[in-house]
Amino acid sequence: MKKYIVRLTPEEQMQLSQIIRSGKSAARTLLHARILWKAETDSAAPAWSDEAIGEALEVHSATVARVRQRFVEEGLEAALRPKSSRRQYPRKLDGAAEARLIALACGPAPEGRARWTLRLLADRFVQLEHVPALSHETVRRTLKKTNCSRIGKNTGRFHPSTRPSLWPRWKMY
């Protein structure tokens with residue numbers, strides 16, 4: 001016997017029906033709505049088993065059980081939206097370290113180089129003992145937040161200094 005039994009109110013049935021029929025919600029929301037629709041215990045028709053729902057919707061029966069449990073414990077809205085991650089990622093650079101990195105990137109390139117690369121910046125930042133370790137990806141994300149272009153004009157970004165004063169007017173012939 002199932003521990004978490006889905007019983008939908010008429011308002012919840014209408015909301016699920018609208019979500020499923022429109023098909024304009026996120027894929028996971030649509031999937032969870034279909035799971036709840038099939039899992040409903042009604043006096044007119046018996047509820048589907050978790051295995052049958054999983055097979056029909058091509059998901060694992062454990063997913064069906066989790067959606068059912070979340071609906072019973074937290075409600076319809078919680079069962080439809082994805083559960084937020086509880087994992088927290090510590091920041092590698094605080095504000096002061098970001099400022100030092102930006103200053104380094106906007107400064108002169110190392111001797112023998114035309115410009116800084118992300119890996120060169122990461123290595124130099126570690127050499128200067130600002131942080132014990134730093135990846136080039138962290139450098140990229142930090143520099144992306146600034147207007148300091150360390151790689152030149154061919155970054156794909158539209159620079160205001162290169163913008164023409166008047167846009168060309170197109171004539172129709």
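Modeller: Let's start with a term: a residue is buried under 20% relative accessible area, exposed over 50% and partly exposed in between (1.4 Å probe, protein chains only). By that rule, 29% of the 173 residues of the protein chain count as buried. This is a predicted model, where local features need pLDDT of at least 70 and side-chain atom pairs pLDDT 80 or more, while totals for chains, interfaces and linings use all residues. Residues are numbered from 1 along each chain as its sequence is written, and side-chain values use heavy atoms, without hydrogens and water.

Biologist: Thanks! What secondary structure does the protein chain have?

Modeller: The protein chain has 8 helices and 0 strands, counting DSSP runs of H or I with at least four residues as helices and of E with at least two as strands, numbered from the N terminus. Along the sequence, the pattern reads α-α-α-α-α-α-α-α.

Biologist: Why is Asp-50 called buried?

Modeller: Asp-50 has a relative accessible area of 13%, so Asp-50 falls under the 20% limit and is buried. Asp-50 sits in helix H3 (residues 50-57).

Biologist: And what makes the pairing of Asp-50 with Arg-68 a polar contact?

Modeller: Their side chains come to 2.5 Å, and a polar contact is an N or O pair within 3.5 Å, one able to donate a hydrogen and the other to accept it; residues adjacent in sequence count only if both atoms are side-chain atoms.

Biologist: Which residues touch the most other members of the largest nonpolar core?

Modeller: Leu-16, Leu-36, Phe-71 and Leu-80 do, in a core of 17 residues. Helix H1 (10-22), helix H2 (27-39), H3, helix H4 (61-74) and helix H5 (76-80) each give two or more residues, and H2 provides the largest share, 5 residues. Apart from this core lies another, of 14 residues, among them Leu-93, Leu-101, Trp-116 and Ala-122. A nonpolar core joins buried Ala, Val, Leu, Ile, Met, Phe, Trp, Tyr and Cys through side-chain atoms within 4.5 Å.

Biologist: Which residues does Leu-16 touch, beyond those up to four places away in sequence?

Modeller: Leu-8, Ala-33, Leu-36, Trp-37, Leu-76 and Leu-80, with contact meaning heavy atoms within 4.5 Å.
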